[in-house]
Amino acid sequence: MALRPDSGSTNPGDARPGVIYIGDVGYGTWEELNVCDQPGQNFGWPLYEGLQGEAGYMNASPANRDAPNPLNGTGGCAQQYFLFRELLVQDTLNTPSWPNPCNTSQQVPATLHRFVHRRPSIDWRHGSTPDARTGVYSGNNAAVVQIGALGSPVSGSMFSGNSSTGGAWYTNTSFPPQFRNTYFHADYVGQWIRSFVFTASNRPTAVQTFASNAGGVVALAIEPATGHLYYVAWTATLQRVRYTAANQPPIAVANSDRFFGAAPLTVQFSSAASSDPEGQPLEYRWTFGDGTAASTNANPSHTFSAPAGVPTNYIVTLVATDVMGLSGTNRVTIFANNTPPIITITSPVDGTLYSVSNSTTYACSANVSDAEHARSELRCAWQTILHHDDHQHPEPVDTNCTTTTVISPTGCDGPTYYYRVILTVTDPLGLSATNQVRLYPSCPATNAGPVTLIAAGAQWRYLDNGSNAGTAWRGLTFNDSSWPAGPAELGYGDQDEETEVSYGLSLNNKYITTYFRHPFMVTNAADYDRLNIRLLRDDGAVVYVNGSEAWRNNRPTNTITYTTPASTNAAETNETFWISSTLNPALLRDGTNVVAVEIHQSGPMSSDISFNLELVGLQAVPQPFLRASLLSGGRVRLSFHGDGGTAYVTEASTNLSQWSAVATNSAGGAIDYMDVSASNGQRFFRVRQVQ
């Protein structure tokens with residue numbers, strides 16, 4: 001396995017180790033390359049081999065004795081435990097479903113470990129017949145496609161192998177560009193090393209052959225100082241792979257001061273950006289594609305005379321030659337009597353804030369026109385690029401003029417992230433124009449820190465006489481002063497209770513339901529964006545906040561009464577465990593609040609009851625940001641968080657020491673426009689509140 005560079009944190013307290021790339025040796029047919037980018041992922045073995053189910057295990061029925069079926073013994077259900085294959089379902093774009101086999105209208109309880117199959121990024125077949133695949137969707141259902149096939153999101157040639165080894169990420173620059181920032185993976189039996197190209201969101205896009213007949217590769221590593229790749233060919237050798245060359249040809253770069261215009265069109269050319277790897281002097285030769293004589297000037301000027309009104313292309317070629325005779329070539333196209341297309345992107349809207357909780361699909365559409373060509377003659381190319389600090393991760397190009405793009409939930413974790421959605425439109429002669437919009441992460445509110453609203457072990461009022469309390473007891477205005485009170489843990493039968501409650505007069509006919517209430521104070525209830533609850537219950541519980549049901553656990557989903565038993569005996573899932581969940585913070589109000597809980601036994605002969613509860617609130621604080629987007633016409637668009645009705649001033653500086661006001665804005669979060677001076681160099685912006 002290998003850790004993707006810069007994908008996690010080295011601080012153990014962050015609990016974010018990074019994205020792990022894993023070689024998973026197969027069973028009978030398929031080898032796998034898996035990518036683990038979240039905790040708790042299930043790669044499917046042995047129910048799944050490769051991208052699809054393994055028939056032998058899919059048809060087997062071993063039970064998971066850690067997963068009791070709450071419907072066992074009811075309605076004719078005789079299945080005590082769920083089967084392993086009932087707890088792991090295939091990947092889908094639909095909402096995952098784990099139906100209870102005894103009643104498919106009910107789900108396997110969420111308190112049990114349920115999984116969605118995390119399919120491998122790539123799988124490949126055993127044997128000598130090349131067959132490599134990646135996962136796609138047919139509608140909303142999981143499907144497969146061979147790499148390199150029509151419509152496949154992964155390009156490359158198919159291959160086979162028998163022992164997926166693992167590999168290493170290559171972030172050095174000594175290898176040729178096509179291998180940089182790619183993942184090298186090997187197969188021991190196939191004796192190959194391949195370069196796998198992944199997007200920033202860990203989606204595969206290409207597979208490149210790197211080494212064949214490499215021996216039985218069992219380990220790979222990159223030497224960071226030199227960029228050399230080392231691998232162990234078991235059981236014989238340690239191999240080094242490095243990239244070298246003798247005299248390199250020059251790098252010719254042809255530039256011009258203009259590319260299009262009405263004829264006669266005079267163009268100034270430049271070779272100034274050309275270079276030689278060894279620093280040798282260069283000689284230049286320009287040909288202009290119009291039948292005129294070549295020029296050996298380094299930076300010639302040339303006039304193109306095309307027929308009036310007729311769009312005409314000229315291919316201009318620059319050849320740069322070093323003193324040892326090696327040459328490099330570069331070409332530039334001049335478009336006489338032609339203008340580029342005009343593009344206005346209508347979706348997504350520039351400055352859109354995308355979700356960092358879930359992937360978001362945006363429609364990609366634009367108004368496009370061209371002065372010399374019909375709309376039907378124009379070709380489109382959309383591309384989405386993720387910017388991450390000082391580098392970027394491009395997605396594959398989409399050649400549909402109207403399409404969609406999927407924005408992954410990336411950002412708001414420290415580094416700077418944003419997406420550019422770019423549209424390039426090209427006319428039949430090859431003259432193109434480009435427009436773009438930027439999308440930024442919608443960073444959620446941060447938290448000012450936890451506020452304990454109800455502490456574990458708090459004092460609770462309780463009713464333990466076996467009566468039907470009705471519904472009024474759940475509410476804020478109910479008078480519970482006649483109820484006894486005591487600290488949690490409350491219960492009986494376990495000998496660990498701080499307060500012992502009554503079960504009645506008969507050991508064989510104990511009270512089913514016991515009621516508990518606790519008031520607490522809240523200031524600025526609207527500031528809370530999360531409520532975390534921890535509950536110790538034996539056997540089942542329903543929790544109310546200010547009279548509204550907030551959560552039920554180990555209780556039927558239908559209407560319950562004071563005689564309704566818990567769904568199961570909590571001893572089966574360990575009644576000493578604290579169970580955690582979140583409640584809706586909108587249930588809170590300023591001032592006095594109350595939590596009311598009813599604990600239900602699984603039956604009148606239950607041996608014990610337990611209750612304790614902790615409630616912690618998190619208050620939202622807007623996370624500040626300031627973002628700048630470069631617009632046409634030398635303008636900059638700034639957006640920032642702010643409080644409505646608060647006055648802000650936007651300031652600019654070229655040196656971070658002298659600041660001048662460029663705009664004021666009294667509506668926090670709105671967008672300002674301003675002109676940028678024509679001077680070169682950096683410009684810095686800041687927003688501050690007006691005192």
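Which cysteine forms a disulfide with Cys380?

## Model and basis

This is a predicted model, where local features need pLDDT of at least 70, side-chain atom pairs count only at pLDDT 80 or more, and totals for chains, interfaces and linings use all residues. Residues are numbered from 1 along each chain as its sequence is written, and side-chain values use heavy atoms, with hydrogens and water left out.

## The Cys380 disulfide

The partner is Cys401. The two sulfur atoms lie 2.1 Å apart; a disulfide here is a pair of cysteine sulfur atoms within 2.5 Å. The S-S torsion of Cys380 and Cys401 is about 90°, so this disulfide is right-handed. Cys380 sits in strand β32 (residues 379-388), and Cys401 in the loop between β33 (391-394) and β34 (403-407). They are 21 residues apart. Strands are DSSP runs (E, at least two residues), numbered from the N terminus.

Cys380 is buried, at 6% relative accessibility. Cys401 is partly exposed, at 26%. Buried means under 20% relative accessible area, exposed over 50%, and partly exposed in between (1.4 Å probe, protein chains only).

## The Cys77 disulfide

The structure holds two disulfides. Cys77 and Cys102 form one, with sulfur atoms 2.0 Å apart. Their S-S torsion is about 55°, so this disulfide is right-handed. Cys77 lies in the loop between β6 (63-68) and β7 (81-83), and Cys102 in the loop between β9 (99-100) and β10 (103-107), so the pair ties together parts 25 residues apart in sequence.

Cys77 is buried, at 9% relative accessibility. Cys102 is partly exposed, with a relative accessible area of 31%.

## Another cysteine

Cys364 is buried, at 2% relative accessibility.

Key:
Helix = DSSP H or I, 4+ residues; strand = E, 2+ residues; numbered from the N terminus.
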